[in-house]
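Take the topics in any order you like.

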Amino acid sequence: LALPHFHTRAGEMFRQVFARALRSPAGGSLWRRAGSANAVRALASTSAKQAGSRRWRWAIGAATMGATTFALASSPLAISMEKPVDIVLYQYEVCPFCCKVKAFLNYCNIPYRVVEVNPLMKKELAFSKDYRKVPVLIINGKQLNGSDEIINELTKEFGVDQFTVGPLLTKEANEDANKWREWVNERFVRVITVNIYRTMKEAYAAFDYITVNGNFNFFEKHAAIHAGAILMYAIAKRYNKKFNFAEERQELKQNCDKWAEEGLDGKKFHGGQTPSLADLSVYGVISAVEGLDTFDEIMKNEVVKVWYNNVKSLAKSARLD
């Protein structure tokens, strides 16, 4: 780590506390998940107790102050102490592309708020004149459209290394993760779509989320449920013909097997010991259908089931509302 050059005793103490804390297993884990002044303060406190020395306990304050400066310097978004980061995600609850974004935000522990968009009226997107799809993310007033653009921009803004989103430090690792992210967009999402809208019963079940999400009135809810289910059922059948899919459940099994055998390839995650952006993309899409029949079919693949639960344990919700 290239730490700031402090020429005070406090600065030197901060560097020592920080280095000692990071060398501990708990310390490394905390920093990877947080990267914040609070995390470093906790690490410094742990080191102080272990050392049993007044000198180390005194260094906690210096560590906290130094960590705040370091975190701000490493995050292009956090350049102003007066303006905190404010993120709002406009979404459909079961949209796989929206769930990809939420998987990234949750894993990186980036707090965000959600606005549920009516899939028919889309009045919540009235401010977005040229882009009428979801997800849309507003960060400090800046609009980002589409899951990949959002994730790519947030990755650059916050810094991949700070959140250790997989082994993305080499060109080869980036290329492989991007290959699988493209596979998710071009193949896996469509396979999921034809499965969750495979029958009218399943299509209605997929739209049942509207009854508990969003500030929609009675008419809006029922119009969205009925029109949405019928429309998506028709789209799913068109996908089957357009992309020459096999029987829906067979196609789903084949693609889950592909991810297990080629994407994971015997590893805990695609990224090795930590999830990569590919892991978060596949996980996000699957999480969109949790609670539906399609999810139960996916979980029949034991490798995918274990991997999914491993990612889920790391991607705790950072949602504020």
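Two strands count as paired if DSSP finds at least two bridges between them. With that in hand, strand β1 (residues 87-91) and strand β3 (residues 136-139) pair in the antiparallel sense over 4 bridges. Please keep in mind that this is a predicted model. The points below start from the sheet, move on to the helices, and end with aromatic rings and backbone details.

**The sheet**

- The strands form an open sheet of 4, in the order β2-β1-β3-β4, and the pairing is mixed.
- β2 (113-116) and β4 (142-145) are the edge strands; each has a single partner strand, so one side of each has no neighbour in the sheet.
- From one strand to the next, the twist averages 20°.
- Strands of a sheet pair through backbone hydrogen bonds, either parallel or antiparallel.

- Helix α5 (residues 96-107) lies across β1 and β3, and it runs at about 155° to β1.
- Helix α6 (residues 147-158) lies across β1, β3 and β4, with a direction at about 130° to β4.

**Helix against helix: α11 and α14**

- Two packed helices are described by the angle between their axes and the distance between the axes.
- Helix α11 (residues 248-264) packs with helix α14 (residues 302-314) at an angle of about 70°, and their axes are 9 Å apart.
- Angles of 65 to 115 degrees count as roughly perpendicular, and α11 and α14 are therefore roughly perpendicular to each other.
- Their crossing is left-handed.
- On the α11 side the contact is made by C256, W259, A260 and L264, and on the α14 side by V303, V304 and W307.
- Sorted by class, the contact of α11 with α14 has 7 nonpolar residues, no polar ones and no charged ones.

**Helix against helix: α8 and α10**

- The axes of α8 and α10 come within 8 Å and cross at roughly 125°.
- α8 and α10 are therefore oblique to each other.
- α8 passes α10 in a left-handed crossing.
- R190, T193 and V194 in α8 meet M232, A236, Y239 and N240 in α10.
- By class, this contact of α8 with α10 has 4 nonpolar, 2 polar and 1 charged residues.

**Aromatic rings**

- Rings of Phe, Tyr and Trp pair if their centres lie within 6.5 Å, and by this rule the count comes to 13 aromatic pairs.
- The rings of Y197 and F207 have centres 6.0 Å apart and planes at 40°, so this pair is tilted.
- This pair links distant parts of the chain, 10 residues apart: Y197 is in the loop between α8 (171-196) and α9 (200-206), while F207 is in the loop between α9 and α10 (218-242).

**Backbone details to check**

- Most residues other than glycine have a negative phi, and most peptide bonds are trans.
- V134 and P135 are joined by a cis peptide bond, with omega at about 5°.
- P135 is found in the loop between β2 and β3.
- N140 has a positive phi of about 50°, although it is not a glycine.
- N140 lies in the loop between β3 and β4.

How values were computed. Residues are numbered from 1 along each chain as its sequence is written. This is a predicted model: local features need pLDDT of at least 70, side-chain atom pairs count only at pLDDT 80 or more; totals for chains, interfaces and linings use all residues. Side-chain values use heavy atoms; hydrogens and water are left out. Helices (H or I, at least four residues) and strands (E, at least two) are DSSP runs, numbered from the N terminus. Axes are lines fitted to C-alpha atoms, for helices over the stretch in contact, and angles run from 0 to 180 degrees between N-to-C directions. Contact means heavy atoms within 4.5 Å. Angles under 35 degrees count as roughly parallel, over 145 as roughly antiparallel, 65 to 115 as roughly perpendicular and the rest as oblique. A crossing is left-handed if the near helix is turned anticlockwise from the far one by less than a right angle, and right-handed if clockwise. Ala, Val, Leu, Ile, Met, Phe, Trp, Tyr, Cys and Pro count as nonpolar, Asp, Glu, Lys and Arg as charged, and the others, Gly among them, as polar. Rings of Phe, Tyr and Trp (its six-membered ring) pair if their centres lie within 6.5 Å; planes under 30 degrees apart count as stacked, over 60 as edge-to-face and the rest as tilted.
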